[in-house]
Protein chains: 2
Amino acid sequence: MKIQPPKGIRDFYPKEMAWRNYIVDAWRKVSERNGFEQVDGPIFESLDLYKVKSGDGIVSELFHFTDRGDRPLAIRPEFTPTLARMVAAQANSLPKPIKWFCTPNLCRAEAPGRGRLREFLQWNCDILGLDGPIADAECIFTCVDLLMELGLKAADCRVKISHRTAASTILQSLGVPSDKIIDAYNLLDSKAKVSPQEFATECAKLSISETGIATLEAALARTFPISDLQGLQTLVGPSVDLTTLKGLQEQLTAFGIADWCEFDLSIVRGLAYYTGTVFEVHESSGNERALAGGGRYDQLISLFDGPATPAVGFGMGDVVLSNVLTDKGLVPKSFQPAPDVFVFAGSDATAAEVPAIVAALRRAGLHTRMSYKTTRNVGKLLKDASTTGAKLAVFTDDAATPGTFNVKNLATGTQTQATLEDIIKQAKA
Amino acid sequence: MKIQPPKGIRDFYPKEMAWRNYIVDAWRKVSERNGFEQVDGPIFESLDLYKVKSGDGIVSELFHFTDRGDRPLAIRPEFTPTLARMVAAQANSLPKPIKWFCTPNLCRAEAPGRGRLREFLQWNCDILGLDGPIADAECIFTCVDLLMELGLKAADCRVKISHRTAASTILQSLGVPSDKIIDAYNLLDSKAKVSPQEFATECAKLSISETGIATLEAALARTFPISDLQGLQTLVGPSVDLTTLKGLQEQLTAFGIADWCEFDLSIVRGLAYYTGTVFEVHESSGNERALAGGGRYDQLISLFDGPATPAVGFGMGDVVLSNVLTDKGLVPKSFQPAPDVFVFAGSDATAAEVPAIVAALRRAGLHTRMSYKTTRNVGKLLKDASTTGAKLAVFTDDAATPGTFNVKNLATGTQTQATLEDIIKQAKA
């Protein structure tokens with residue numbers, strides 16, 4: 001019976017898996033050197049957990065089901081609710097700041113498309129219990145450190161940064177009443193999808209004057225280098241307080257990543273729960289979905305019944321990242337693990353010795369493969385050894401001194417006889 | 001709003017996650033050195049995929065749901081059906097033998113208990129396209145290599161091995177008709193759960209004579225060292241052909257793991273799809289569920305519409321393994337990643353230099369943490385550095401020569417001034 005795989009998922013054959021490992025290993029390495037500790041939660045949670053943050057509307061985007069006790073459960077579409085639940089449950093015993101990362105598989109019940117699958121991996125880094133722009137900047141640094149690690153340069157991507165306080169100050173200076181700020185964020189977030197006329201109409205509904213609409217459009221249409229906070233100040237007028245962006249400017253500059261970043265007020269990240277800095281990383285051409293996105297969410301932990309806890313974090317999916325690295329020619333030539341040693345029998349009489357050699361080399365930590373063929377044609381078998389990319393070929397024959405084996409260095413072509421102990425040394429050298 | 005985690009799952013806080021990584025990293029390392037390539041599939045598959053191998057009865061053990069197109073899907077309860085689908089789909093282009101491993105998260109909709117959760121990790125190793133006891137023995141060697149890697153000794157666990165052909169030959173020699181062999185396997189599999197009387201009654205239904213029942217009970221009640229195939233032969237009688245076990249005996253001995261293994265005819269592994277060698281690894285006391293189990297399943301790939309393909313493999317869950325390692329005192333004292341360097345500011349005037357130092361050390365690949373405190377009390381901050389387990393503490397102060405920083409080796413107590421370049425060298429030494 002032939003069964004097709006579901007749509008919008010991936011089968012990871014060895015090559016695809018090695019590529020996935022290349023990305024996930026980089027996420028882990030960069031997270032750890034930036035001082036984040038790894039965590040994970042279950043693949044499914046109570047359906048209610050996702051409603052806390054996102055409302056009932058989220059349900060249609062989830063794969064959900066019930067268990068034997070008829071409890072409603074859902075496959076995780078994101079990690080943040082699990083993180084909030086875990087932090088809230090142990091808020092008092094966890095040392096602060098909490099710096100956690102994870103690389104969970106997540107599922108969304110949506111239609112698949114470019115950069116959008118029904119199952120994907122997402123790297124999350126979060127700093128909780130630490131207020132101020134240092135935490136925001138450290139998150140952004142960690143994200144940029146990963147991009148650099150994978151070979152991307154500042155010219156390849158833009159970290160577009162805004163701040164809810166700055167944005168709200170500007171919107172209010174343009175006439176938006178404070179109780180309509182979230183509506184204004186949603187409008188900004190949808191700007192690319194609506195006509196200029198519609199945008200103007202909606203702005204008017206939010207009490208923005210015609211001059212205000214022009215200022216807003218001018219502010220949204222351009223970006224400001226991190227060093228040019230003054231440019232933004234001039235645009236929005238001297239009465240608008242940009243202190244929050246000033247703090248970010250200093251920290252991003254101190255971390256040495258100002259050239260990767262720019263202020264961009266059009267970055268809103270529709271989610272109502274962001275409270276401060278918000279940012280997205282885009283490939284420079286702007287043709288791809290965002291590589292990463294995040295921000296400060298100081299009220300989320302209390303929403304999950306935990307104590308008020310400042311928090312900032314971001315998520316980066318593997319799908320867009322993989323597309324960008326591929327498009328930029330940043331896929332390494334070789335990322336599949338190659339063997340250290342390839343072992344075969346050069347004669348029938350010595351064939352029974354092969355498993356013991358293989359066992360000893362593997363027990364010494366060496367990646368060891370062996371030939372399963374019945375041929376004893378040494379030339380052909382050495383060719384097989386080369387095909388695997390092995391460093392050494394080791395083979396028995398009737399002439400070898402007892403306790404020694406033939407070793408051929410497949411890079412240099414040198415062939416000698418050596419004991420297992422020597423072979424191990426050679427392979428590890 | 002306080003939401004409880006679902007039952008039978010685990011939250012992996014940093015310590016639990018580091019322990020999980022310790023196990024999963026060992027799985028990956030041992031798999032790779034044994035020449036297996038990593039693969040993975042989706043977390044959900046078509047519900048039908050699981051029915052192919054296990055029949056409709058499996059549905060109640062699955063978390064299943066439908067997508068927007070009303071297609072029935074299920075979270076994977078095991079990896080083998082995905083493996084079979086993937087191999088069948090590319091059977092002609094995949095080089096043989098196929099040696100794949102994976103470490104998927106799996107879910108079962110059952111009641112949780114000791115050694116049994118609703119979500120767990122399982123290491124799978126499979127060799128496909130290679131017939132003969134060499135493949136069976138290599139799978140068993142890989143499993144034992146993992147156990148040794150984690151500190152277990154032959155005395156701690158037993159690899160209990162049987163063979164469907166040998167078992168069937170014995171059962172037939174005792175009178176079981178060939179069309180009742182699967183029924184006989186199921187009876188053997190349930191022997192521990194039924195009374196001796198019931199067992200005898202069921203045996204009689206399978207046409208086993210009273211003498212036969214005695215022979216069978218004697219054979220099931222004891223195990224035979226791999227070297228003592230003759231003992232088993234004497235018990236079952238000279239007319240029973242044990243050639244298949246002879247081949248296994250030779251290969252397990254050649255791989256040097258005969259002392260870990262024993263023949264045990266009571267190992268049946270209820271699954272109808274096994275066709276040759278079957279084995280289970282048990283902790284020696286027998287008080288835990290099986291650590292691992294597997295066997296040969298030569299007909300499965302054709303069941304999934306692929307070409308006839310010899311196949312052997314095993315699975316090892318993380319839950320029982322973790323329990324056994326803990327009970328045997330084999331949890332390493334330290335398995336959480338410790339920082340290389342801890343950086344702090346020794347004065348307010350130099351505090352702004354810290355992010356740049358941290359950034360440079362991290363970009364050099366060093367695991368670097370920093371203090372977020374506003375205190376400049378060097379003694380207290382050095383204590384914080386020690387608490388993290390860092391190798392070096394690096395701190396600024398007003399007196400340091402420009403371009404140099406204070407470095408304290410936290411193991412030796414030596415304190416010097418050094419450039420970033422020197423600090424990187426010291427930390428990597």
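Visitor: Which backbone oxygen lies 2.9 Å from a polar atom of the side chain of A:T368?
Guide: The backbone oxygen of A:L366 does. This is a predicted model, in which local features need pLDDT of at least 70, side-chain atom pairs count only at pLDDT 80 or more, and totals for chains, interfaces and linings use all residues. Residues are numbered from 1 along each chain as its sequence is written, chains are lettered from A and ligands numbered from 1 in the order in which they are written, and side-chain values use heavy atoms, without hydrogens and water.

Visitor: Is A:T368 buried or exposed?
Guide: A:T368 counts as buried, at 0% relative accessibility (buried means under 20% relative accessible area, exposed over 50%, partly exposed in between; 1.4 Å probe, protein chains only).

Visitor: Turning to the rings, which planes angle does the pair A:W123 and A:F314 have, and what about A:F44 and A:F65?
Guide: For A:F44 and A:F65 the planes are at 75° and the centres 6.3 Å apart, so the pair is edge-to-face (rings of Phe, Tyr and Trp, the last by its six-membered ring, pair if their centres lie within 6.5 Å; planes under 30 degrees apart count as stacked, over 60 as edge-to-face and the rest as tilted). A:F44 is buried at 0%, and A:F65 is buried at 5%. A:W123 and A:F314 are also edge-to-face, at 85° and 5.1 Å centre to centre.

Technical notes:
Polar contact = N/O pair within 3.5 Å; in protein donor to acceptor, adjacent residues only side chain to side chain.
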